[in-house]
Amino acid sequence: PGASGGGQGVGDAARGKALVKCASGIQKAAAKYTQSRLGGLQKCIAAMTKCLQQKPGDAACLAGARGKCQSIAAKIGDAPKAAGGKARAAIAKACTGVDADVLALNGLGHSTSGITSYCTAVGVSSVTTVADVGECLLRHHSCRVGQLVDAETPRGRELLDFGGVRP
C-alpha cells in the first residue's frame with residue numbers, strides 16, 4: 001500500500017527542493033541499477049546458452065562463458081564500484097540531509113507500515129534512514145529482475161547457476 005500525506009508537501013520550499021532532488025536521484029539510481037542487472041544477467045544467460053546449445057561438451061567454451069558470467073557478476077553486484085554499490089552511493093548523495101522528509105508521510109512516505117512490512121519481507125528489518133530505503137529498493141528491484149529473467153528464459157536460473165551467478 002502506498003503512503004498518504006493527505007495531499008500535503010513538507011511545507012517549506014527549500015526542504016521541498018531537496019526532497020525533489022532526492023526523489024529524482026532515487027528514481028535514476030533504481031532505473032540504472034535495474035537496467036544494469038537485467039542486461040548483465042541476460043548476457044550471462046546468452047553466453048551459457050550458446051555453449052550448451054551450439055557447442056555441447058566444449059569445455060573451453062563453457063570455461064569462457066563462466067568467466068564472462070563471473071565478470072558480469074562483479075559488475076552488477078554490491079561492491080562499491082559495482083552497480084549495487086553505485087546505486088546506494090547515488091541515493092545517499094541525492095538524499096543527503098533529508099532523512100526525516102524521505103520517511104515522513106508528507107515527504108516521500110518511506111516509513112509507512114505497508115512499506116516497512118514489505119521491506120522486512122525482502123530482508124530489511126527497519127526503515128529509519130535513507131540507507132534503509134535504498135537497501136529495500138535495491139532488494140525489491142533485484143527480486144523483480146529475477147522474475148523478469150524467469151519469465152523470459154525459463155531455464156535462466158539454471159544457466160545462471162552454471163555460470164556461477166546469483167539472479
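A disulfide is here a pair of cysteine sulfur atoms within 2.5 Å. The model is a predicted one, and by this rule its count comes to four disulfides.

With that cut-off in hand, C119 and C136 form a disulfide, their sulfur atoms being 2.0 Å apart, and the link is left-handed, with -90 degrees about the S-S bond. C119 belongs to helix 5 (residues 113–121) and C136 to helix 6 (residues 130–152), so this pair ties together parts that are 17 residues apart in sequence. Both C119 and C136 are buried.

A second pair to consider is C22 and C95, whose sulfur atoms are 1.9 Å apart in a disulfide; this link is right-handed, with 85 degrees about the S-S bond. Because C22 lies in helix 1 while C95 lies in the loop between helix 3 and helix 4 (99–103), the pair ties together parts that are 73 residues apart in sequence. C22 is buried, with a relative accessible area of 0%, and C95 also counts as buried, at 2% relative accessibility.

C44 and C69 form a further disulfide, with their sulfur atoms 2.0 Å apart, and the link of C44 and C69 is right-handed, with 100 degrees about the S-S bond. Here distant parts of the chain are linked, since C44 sits in helix 1 and C69 in helix 2, 25 residues apart. C44 and C69 are both buried.

When the bonded cysteines are counted along the chain, the disulfides follow the pattern 1-6, 2-5, 3-4, 7-8. C143 is in no disulfide, and the nearest cysteine sulfur, that of C136, is 9.6 Å away. With a relative accessible area of 41%, C143 is partly exposed.

We turn now to helix 2. At 1.5 Å a residue, its 18 residues (59–76) should span 26 Å, and this agrees with the end C-alpha atoms, which are 25 Å apart. Within helix 2, the residues C61, A65, C69, I72 and I76 are buried; they cover an arc of only 70 degrees around the axis, which means that they lie on the same side of helix 2. An α-helix has 3.6 residues a turn, so residues three or four places apart point the same way. The buried residues of helix 2 pack against helix 1 (13–54), helix 3 (83–94) and helix 7 (156–163), whereas the face turned away from the buried side carries the exposed residues A59, A60 and A74. At the start of helix 2, a side-chain oxygen of D58 comes to within 3.1 Å of the backbone nitrogen of A60.

Conventions:
Residues numbered from 1 in each chain as written. Predicted model: local features only at pLDDT ≥ 70, side-chain atom pairs only at ≥ 80, totals over all residues. Heavy atoms only, no water. Helix = DSSP H or I, 4+ residues; strand = E, 2+ residues; numbered from the N terminus. Expected span 1.5 Å × (residues − 1). Buried < 20%, exposed > 50% of the residue type's maximum accessible area, 1.4 Å probe, protein only. Arc of directions from axis to C-beta. Contact = heavy atoms within 4.5 Å. Polar contact = N/O pair within 3.5 Å; in protein donor to acceptor, adjacent residues only side chain to side chain.
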